[in-house]
Amino acid sequence: MTGSDLLRYGRVHRGVAVLAATAAIALLSAFFGGTHIALPSIGSGGVTSGVPFRHELPLLSAVFLTAALDGAMSAHDEMGASAMHQFRLKYCTGLTVTACAFSFSAEALAVGPEAGVVFVRSLLIWLGLALLSVRLLGHQLGWIIPLASAFFLIWYPHNRWDWTSNSATDLFSWTVAAIALSVGVAGTAATPWRRKAFLRR
């Protein structure tokens, strides 16, 4: 497929809207990410705690990226041949790389390169979980599993699983990112016709 084909595909699959939304989230984090979200602490007798706004914003970017899989042609894409699935993979990869690059740049300029890396890592983890949620629950519910994981991180911060707070070089968090993204991509590739073909073997 040519570049013009990619542009037409992007128009049908909300490419401009997705990139605009993820760019807005990156700028929101850059300007207001240091603001703490006030939350009541469990067993604290009414004392509130908070987490920086930027820790949770990558979740929104991840869910917005899954919108590229939905749209008027989503059912057709699911039934497409291997060439169509490869094209969709390249398109979604391009959107993700662009969103990650802009997010990293905004965070790096506003806070520092390490904050940019952590933001991108969080985005990739939540993207994997959002893709899994889309496969299990449908296109409109890609936010369910990421939001469930966010509640865990908010109420039990600064533990080994808290990829939003761990350092940019934390190997465990990057392992979680690789696993989450792999599971999400595999879930996206497991279209109904592919599952039926696999079960017939």
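Helices are DSSP runs of H or I with at least four residues, numbered from the N terminus. The model described here is predicted.

**Largest pocket**

The largest pocket holds about 420 Å³ of space. Two or more lining residues come from each of helix H5 (82-110), helix H6 (113-137) and helix H8 (171-189). Of these elements, H5 gives the most to the lining, with eight residues. In total, 19 residues line the largest pocket, and Leu-89, Cys-92, Thr-93, Val-185 and Thr-188 lie nearest its centre. The lining of the largest pocket comprises twelve nonpolar, five polar and two charged residues.

**Packing of H2 against H3**

Helix H2 (residues 15-32) and helix H3 (residues 53-66) have axes that come within 9 Å and cross at roughly 175°. An angle over 145 degrees counts as roughly antiparallel, and H2 and H3 are therefore roughly antiparallel to each other. On the H2 side, the residues that meet H3 include Val-18, Ile-25, Leu-28 and Phe-32; on the H3 side, Phe-53, Leu-57, Leu-60 and Phe-64 are among those that meet H2.

The two residue sets divide by class as follows.

| Residue set | Nonpolar | Polar | Charged |
|---|---|---|---|
| Lining of the largest pocket | twelve residues | five residues | two residues |

**Asn-166**

Asn-166 is found in the loop between helix H7 (144-155) and H8. With a relative accessible area of 16%, Asn-166 is buried, because buried means under 20%. Apart from neighbours within four places in sequence, Asn-166 is in contact with Val-118, Arg-121, Asn-159, Arg-160, Trp-161 and Ser-173.

Technical notes. Residues numbered from 1 in each chain as written. Predicted model: local features only at pLDDT ≥ 70, side-chain atom pairs only at ≥ 80, totals over all residues. Heavy atoms only, no water. 1 Å grid on protein atoms, 1.4 Å probe; cavity = no way out; pocket = protein on both sides within 12 Å on 5 of 7 lines; lining within 4 Å. Points joined across faces, edges and corners; volume = space filled by probe spheres on them. Nonpolar A, V, L, I, M, F, W, Y, C, P; charged D, E, K, R; others polar. Axes fitted to C-alpha atoms, helices over the stretch in contact; angles between N-to-C directions. Parallel < 35°, antiparallel > 145°, perpendicular 65-115°, else oblique. Contact = heavy atoms within 4.5 Å. Buried < 20%, exposed > 50% of the residue type's maximum accessible area, 1.4 Å probe, protein only.
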